[in-house]
Amino acid sequence: MLVKKKETTSSPIEIHELTKEDQLSWLMEEYGDMVVRLAFTYVKQKQLAEDISQEVFVSCYKSLETFQNKASYKTWLYRITVNKCKDYFRTWSYRNISYQDFFRSIFPSGGQSVEEEILEGEEKEIIFEKVLALPIKLREVIILQYYEELTVNEISELLGLNSNTVKTRLHRAKKLLQCSLKERHSYGG
């Protein structure tokens, strides 16, 4: 993986040639937002997602020398993030405390009128809230495919699942979302 060194040299160098601190800085700059977004889809609380993100990069820093390039850095960070989120769900605080903070504005807006942006934003927010309401096994595959744009094979590798299992979960998740959105439409709310 080639990166540009931030110093006076402008020639591309391999990331493993950077100091450990520079490698971490590059990874945080390149993948930090993605890690927070992914963590949020699991824990549904912005501050907690940011805390998990910090834990991910601490783990990453500790393991940089042992990274073997069998996967991309992105896949490696996805796996660490998913594992940190799953670890969180096993903790006492998760099992005994209910969280209410919902993330409201992860979707960038285009060049639309204010009214169109508001309506589209509300629609995306409703859909995202419906996605967050799915069971974790269904939610994670939807998030990874539609929000993080991973393929079924990448999701399969990341989660350690058979690709048919991923496809089944995607199908079930889509059906649940469809029913949930139809129900919302039929009640007008």
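## Charge over a ring

In this predicted model, the charged end of Lys-20 sits over the ring of Tyr-61, 4.4 Å from its centre. A charge sits over a ring if NZ of Lys or CZ of Arg is within 6 Å of the ring centre and within 35 degrees of the ring normal.

## Leu-64

Lys-20 is also one of the residues touched by Leu-64, along with Gln-23, Leu-24, Leu-27 and Trp-76, not counting residues up to four places away in sequence (contact: heavy atoms within 4.5 Å). Leu-64 lies in the loop between α2 (46–63) and α3 (73–89); helices are DSSP runs of H or I with at least four residues, numbered from the N terminus. With 8% relative accessibility, Leu-64 is buried (under 20% relative accessible area, 1.4 Å probe, protein chains only). Leu-64 and Leu-24 are 40 residues apart along the chain, and their C-alpha atoms are separated by 8.3 Å.

## Aromatic pairs

There are 3 aromatic pairs, counted for rings of Phe, Tyr and Trp (its six-membered ring) with centres within 6.5 Å; planes under 30 degrees apart are stacked, over 60 edge-to-face and the rest tilted. The rings of Trp-26 and Tyr-31 have centres 6.0 Å apart and planes at 90 degrees, so this pair is edge-to-face. Trp-26 and Tyr-73 are also edge-to-face, with centres 6.3 Å apart and planes at 75 degrees. This second pair links helix α1 (residues 20–43), which holds Trp-26, to helix α3, which holds Tyr-73, 47 residues apart.

Ring pairs join Trp-26, Tyr-31, Tyr-73 and Trp-76 into a cluster.

## Basis

Residues are numbered from 1 along each chain as its sequence is written. Local features need pLDDT of at least 70 and side-chain atom pairs count only at pLDDT 80 or more, while totals for chains, interfaces and linings use all residues; side-chain values use heavy atoms, leaving out hydrogens and water.

How values were computed: Helices (H or I, at least four residues) and strands (E, at least two) are DSSP runs, numbered from the N terminus. Buried means under 20% relative accessible area, exposed over 50%, partly exposed in between (1.4 Å probe, protein chains only).
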